[in-house]
Amino acid sequence: MDKPLLQVQGLTRRFDVSKPWLNRVIEREDRAFLTAAADVTFEINKGETFALVGESGSGKSTIAKMLVGLVRPSAGRIIFDGNDLTAASAPEMRRLRSRFQMIFQDPFASLNPRWRVGRIIAEPMRTFGTASGADVGREVGRLLDTVGLSAADAAKYPHEFSGGQRQRIAIARALSSRPEFIVCDEPTSALDVSVQAQILNLMRDLQDELGLTYLFISHDLSVVRHMASRIGVLYLGRLVEVSGGKELFRAPQHPYTRMLLDAVPDLAMSGQRRTPVTGEIPNPIDPPPGCAFHPRCPLVMDRCRVEMPPPVPTPGGMSACFAAPLVGAEAGVDQPATV
């Protein structure tokens, strides 16, 4: 079997959110740190879509920014096609940088409003030397056609397009360096539902055509079910479950995953008993001891309040929960969760 295209090992990021030194001295306070990601480990195989899901504040976007080099990890390793990005030199990073790109959540904020679309899409080509001279204009036109726009749109500015069209421009820009791996940070959350479907179908078509590998970040489980072959569930910066796309919806192994699925409206009106999401994510600066989910967990045990559950293998991947067998039994293998 081929090696995974991307390997994330023990990825951790802590932010210093302390008050200024003088304030700490006067108020007799210690330095404060916010852990946005803690010991996150997963792999993504070439040509697949791996999704990260979780509530706001779970660390999804921080992980995405670490993978593409916008934020440096505090600890851990990111190995891309056998190359350790966390230890790579500047020339090595420049050589590898064209092979992975990112599609941001807000298509308008991610595009320079003072540049014409043609210049926006051409910039990665000139930076990485994938095209030059007259070839740049031809490649820009081809990419615009590929994402469902017109080559004539290269002369326009971003504000002349709708939200869905701007996201198509962002996709064209991501493709202009001919990447193999694309991080998609909630690429459809700012769009209307009808436009979301168009963008998702475009991304799947491009994946099949170009052999792309995606890390897909979303809080919308219906979108994740449509896009992902494997799914990782984040809670307060920790990966609590990894499972195949179908297996996670059929038999979730972690109570937090089950809670997320139960919160989705039951459009099929199956009559299954559902438990809505209760409580809020704890303060990441001062998380609860043991399992961070225990204040909200319906299956909490005494050991959950003092011990951090280690990841254990499950039929679909892994789950970090002492009660994982109980969750799977409660979900039932013949009663798929409705999304």
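1. With 339 residues, a compact globule would have a radius of gyration near 20 Å, and the protein has 22 Å, which agrees; the radius is taken over C-alpha atoms, and the globule rule is 2.2 Å times the number of residues to the power 0.38. Along the principal axes, the C-alpha trace spans about 70 × 60 × 40 Å.

2. A word on the basis: this is a predicted model, in which local features need pLDDT of at least 70, side-chain atom pairs count only at pLDDT 80 or more, and totals for chains, interfaces and linings use all residues. Residues are numbered from 1 along each chain as its sequence is written, and side-chain values use heavy atoms, with hydrogens and water left out.

3. The protein has eleven helices and twelve strands, which are DSSP runs numbered from the N terminus (helices H or I, at least four residues; strands E, at least two). Among contacts (heavy atoms within 4.5 Å) between residues at least 6 apart in sequence, 67% join residues at least 24 apart.

4. Buried residues (under 20% relative accessible area, 1.4 Å probe, protein chains only) make up 49% of the 339. The accessible surface, from the Shrake-Rupley method with a 1.4 Å probe, comes to about 16600 Å², and 51% of that belongs to carbon and sulfur atoms.

5. Now to the pockets. On a 1 Å grid over the protein atoms alone, a pocket is an open set of points where a 1.4 Å probe fits, with protein on both sides within 12 Å along at least five of seven lines; lining residues have an atom within 4 Å of a point. The volume, meaning the space filled by probe spheres set on the points, is about 390 Å³ for the largest pocket.

6. Lining this largest pocket are 22 residues, with Asp39, Leu239, Pro311, Met318 and Ala320 nearest its centre. At least two lining residues come from each of β2 (33-44), β9 (230-235), β10 (238-244) and β12 (317-319), and β2 gives the most, with five. By class, the lining holds 15 nonpolar (Ala, Val, Leu, Ile, Met, Phe, Trp, Tyr, Cys, Pro), four charged (Asp, Glu, Lys, Arg) and three polar residues (the others, Gly among them).

7. The second largest pocket has a volume of about 270 Å³. Arg97, Gln101, Phe104, Pro124 and Arg173 are the closest to its centre among 14 lining residues. Two or more of the lining residues come from each of β6 (100-103), α4 (117-128) and α6 (163-175), and α4 gives the most, with five. This lining divides into eight nonpolar, three polar and three charged residues.

How values were computed: Buried means under 20% relative accessible area, exposed over 50%, partly exposed in between (1.4 Å probe, protein chains only).
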